[in-house]
Amino acid sequence: METKANETVAGGQKPKYDGKPIIGKEFDGIEELNNPVPPWLMWLWYASIIFSAMYFVYYHVYQIGDLQEAEYQKQMAAASAGIEESRENAGQPELVLLTSEEDLDAGETIFKEKLCATCHGQLGEGNAIGPNLTDKYWLHGGTIADVYEVIKEGVPAKGMTPYKDQLSSEKILQVASYILERLQGSNPPNAKEPQGEAVE
Ligand code: HEC
């Protein structure tokens, strides 16, 4: 059965076509079905308007949040800080006292080859320049980590050379262990007077 467009429905109901509501405007005999946007889609749309208003206030009016450019810069800075740190720690051995004869002999060789003796004496007894390394008194602390750090970074202001560019971490650890294991407590003749704090 053919249904006539714009059939007038009795009883004050809205006009329908094929049982579907029509808008009721006609143009050249063409009419438009009234197909409202489903409510869920409307709510999504309202929500996106509310969201964009809040976004605008948050990012552009009060500038509380970082825009992508600033966020990018922050992430890049954090990333390069991470790279810097891992580069610094690369190859850094765990700072534990080495006690094997092999390591301590290697430490002794380094002590002689690197001319530590010029400033600390042949036996580590200290001289006019450098402090005694055989007593239990330390200017920069007497743990393996302290001694390692002093040799690595030096004390340029006081005349102690930094060795980080000349010695690998492993070698610094060997010479530091040599000082603590063999020189410390060796009571050499002509020892320089104690300097710094006693470390038991
Ligand atoms: C040019 C002289 C010089 C040379 C070379 C030198 N040192 Fe030193 N060293 C010093 C001086 C000076 C100090 C004291 C720094 C201070 O007063 O803070 C020192 C301090 C130290 C300390 C810390 C002592 C403490 O009481 O805390 C250690 C450990 C040390 N040197 C080890 C070495 C080793 C190992 C070498 C060789 C690889 C070496 N030094 C080479 C001058 C030197």
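This is a predicted model: local features need pLDDT of at least 70, side-chain atom pairs count only at pLDDT 80 or more; totals for chains, interfaces and linings use all residues.
Glu108 sits in helix α3. Leaving aside neighbours within four places in sequence, Glu108 is in contact with Tyr178 and Arg182. Is Glu108 buried, exposed or partly exposed? Count the C-beta atoms around Glu108: there are 16 inside 10 Å, so Glu108 is classed as partly exposed. Ser48 and Glu108 are 60 residues apart in sequence, and their C-alpha atoms are 73 Å apart in space.

Stay on α3 and select Phe111, which also belongs to that helix. Phe111 has 21 C-beta neighbours inside 10 Å and therefore counts as buried; the cut-off for buried is 20 or more. Show what Phe111 touches beyond four places in sequence: Cys116, Ala117, Val175 and Tyr178. Then pick Gln122. Gln122 is eleven residues from Phe111 in sequence, with 8.9 Å between the two C-alpha atoms.

Next, display α3 (101-113) together with α6 (169-183). Their axes come within 7 Å and cross at roughly 100°. That angle makes α3 roughly perpendicular to α6. On the α3 side, select Asp103, Leu104, Ala106, Gly107, Glu108, Ile110 and Phe111. On the α6 side, select Lys171, Gln174, Val175, Ser177, Tyr178, Glu181 and Arg182. Colour this contact by class: six residues are nonpolar, three polar and five charged.

Keep α6 and bring in α5, residues 144-153. How do the axes of α5 and α6 cross? They come within 9 Å, at roughly 125°. The two helices are therefore oblique to each other. The crossing of α5 and α6 is right-handed. From α5, highlight Ile144, Val147, Tyr148, Ile151 and Lys152. They meet Ile172, Leu173, Val175, Ala176, Ser177, Ile179 and Leu180 of α6. By class, the contact of α5 with α6 has ten nonpolar residues, one polar and one charged.

With neighbours up to four places away in sequence set aside, Tyr148 is in contact with Leu95, Ile172, Leu173 and Ala176.

Now show the largest nonpolar core, a set of 18 residues. Which residues have the most contacts inside this core? Select Val147, Tyr148, Ile151, Ile172, Val175, Ala176 and Ile179. Two or more core residues come from each of α3, α5 and α6. The largest share, eight residues, comes from α6.

Move on to the loops and turn to backbone angles. Most residues other than glycine have a negative phi. Two stops here go the other way.

Select Leu115, in the loop between α3 and α4 (116-120). Leu115 is not a glycine, yet its phi is positive, at about 60°. Leu115 counts as exposed because it has 10 C-beta neighbours inside 10 Å.

The last stop is Gln63. Find Gln63 in the loop between α1 (39-61) and α2 (68-89). What is the phi of Gln63? The value is near 50°, positive in a residue other than glycine. Gln63 has 11 other C-beta atoms within 10 Å, so Gln63 is exposed.

Terms used. Residues are numbered from 1 along each chain as its sequence is written. Axes are lines fitted to C-alpha atoms, for helices over the stretch in contact, and angles run from 0 to 180 degrees between N-to-C directions. Helices (H or I, at least four residues) and strands (E, at least two) are DSSP runs, numbered from the N terminus. Angles under 35 degrees count as roughly parallel, over 145 as roughly antiparallel, 65 to 115 as roughly perpendicular and the rest as oblique. A crossing is left-handed if the near helix is turned anticlockwise from the far one by less than a right angle, and right-handed if clockwise. Two residues are in contact if their C-beta atoms, placed from the backbone, lie within 7 Å. Ala, Val, Leu, Ile, Met, Phe, Trp, Tyr, Cys and Pro count as nonpolar, Asp, Glu, Lys and Arg as charged, and the others, Gly among them, as polar. A nonpolar core is a set of buried Ala, Val, Leu, Ile, Met, Phe, Trp, Tyr and Cys residues joined through C-beta atoms within 7 Å. A residue is buried if 20 or more other C-beta atoms lie within 10 Å of its own, exposed if 12 or fewer, and partly exposed in between; C-beta atoms are placed from the backbone.
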